[in-house]
Amino acid sequence: MSLPKPLPPGSTIGILGGGQLGRMTALAAARLGYRCVIFAPEDHVVAAEVAAGHVRGAYDDTAALAGFAAQVDVITYEFENVPEAAVAECLRHKPVRPGVRPLHLAQHRLREKAFFRGLGIGTADYQPIANAADVAAATALPGILKTCTEGYDGKGQARVSGRAELATAWEKLGRRECVLEALVDFQCEISAIVARGLDGATRCFPIGLNHHRDGILRTTIVPSGLPAGSLATAERFGVELANGLELVGLVALEMFVTKDGRVLANEMAPRPHNSGHWTIDACATSQFEQLVRAICGLPLGPIETMAASRMENLIGDEADGWARYLADPTARLHLYGKGDARPGRKMGHVTYVLPSAAGRRSTT
Ligand code: AMP
């Protein structure tokens with residue numbers, strides 16, 4: 001079967017979701033001569049501020065979705081909690097890349113973990129917690145109880161040391177369907193971001209070393225400095241995941257490296273990822289451009305690191321320090337144009353580019 005023709009520059013990309021990931025995708029798309037139209041229900045949509053158009057509608061408004069699809073040539077999404085039905089509706093009109101299945105899996109922690117295991121990708125021990133009997137029989141302790149759906153940035157989860165705490169935590173989470181994951185005694189957290197093109201070609205960006213605080217990503221460092229064996233495993237898991245999903249687009253796989261050197265998958269996101277923001281300033285192709293290339297059927301771009309880098313998220317009022325970052329010659333500042341600097345809200349990021357490593361050809 002021949003592949004669909006590439007969508008040439010001048011075509012229009014539809015993006016479901018209007019946050020900073022959509023904004024940075026639209027900026028990368030514009031650089032290559034593509035237009036973007038954003039579909040998002042909110043009034044203030046930071047992606048729409050840099051895009052050709054904004055369709056304001058609810059995700060269950062089929063007429064609005066059809067109107068949006070009519071304006072674009074291909075559709076992608078920038079957050080994984082877009083309702084599956086909205087994506088299915090878009091698919092009736094235009095190609096959606098990466099499609100419904102990656103979303104279906106990423107939206108449910110149990111489905112996601114079972115899928116990882118099926119591909120031979122290791123995870124922490126885990127158990128479904130759907131009723132009181134599951135609580136009483138739980139053994140993956142101490143552990144972290146997580147809701148199966150709608151958790152992000154550490155929300156919808158609780159650390160529990162034993163069954164009594166587990167019972168209380170499950171009540172607090174509204175007795176929802178949960179997964180109990182054994183607590184991983186990790187050495188560090190890393191992520192692989194893999195692009196897969198329309199032709200099935202894959203490219204894994206250099207692995208990022210990630211630090212979280214209060215469940216939110218704070219920094220990503222590349223190169224990670226991890227041993228080659230761990231990096232190769234992480235990259236293999238990422239590529240197997242992208243192939244297993246038959247993905248066209250990007251997938252980020254967050255992983256733990258245990259103190260004894262094993263690599264275990266935590267979760268995936270079939271979209272650009274916060275831990276890949278460094279690629280804008282320190283990689284030959286940014287993750288956002290790579291997404292545009294993949295979904296438009298273009299060849300994937302090179303992924304050499306151009307410099308060592310450390311990306312720091314600017315959360316809440318940290319973005320108020322913009323003048324300081326601008327004055328630092330090693331800092332590349334990115335602000336998302338969000339109005340209200342609420343605590344915990346990602347307002348921007350800064351990537352420190354370390355020139356000593358400029359020009360190095362490293363993939364991990
Ligand atoms: P998540 O929402 O699953 O990405 O979890 C947010 C953060 O909580 C992770 O980045 C880890 O720092 C921590 N965490 C999540 N699951 C585990 C686990 N099973 N063991 C240890 N730490 C975890």
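1. A pocket is here an open set of points on a 1 Å grid over the protein atoms alone, where a 1.4 Å probe fits and with protein on both sides within 12 Å along at least five of seven lines, and its lining residues have an atom within 4 Å of a point. The model is predicted, with local features needing pLDDT of at least 70, side-chain atom pairs counting only at pLDDT 80 or more, and totals for chains, interfaces and linings using all residues. Residues are numbered from 1 along each chain as its sequence is written, and side-chain values use heavy atoms, with hydrogens and water left out.

2. The second largest pocket is lined by 16 residues, and those nearest its centre are M24, L27, I280, S286 and H334. Its volume is about 300 Å³.

3. As to where this lining comes from, α1 (20–31), α9 (279–282), α10 (287–295) and β16 (331–335) each contribute at least two residues, and α1 gives the most, with 5 residues.

4. Turning to E181, which is found in strand β8 (residues 178–182), I note that this residue is buried, with a relative accessible area of 4%, where buried means under 20% (1.4 Å probe, protein chains only).

5. Beyond neighbours within four places in sequence, E181 is in contact (heavy atoms within 4.5 Å) with residues including K113, D125, Y126, K146 and N266.

Notes:
Grid points are joined across faces, edges and corners, and a volume is the space filled by probe spheres set on the points. Helices (H or I, at least four residues) and strands (E, at least two) are DSSP runs, numbered from the N terminus. Buried means under 20% relative accessible area, exposed over 50%, partly exposed in between (1.4 Å probe, protein chains only).
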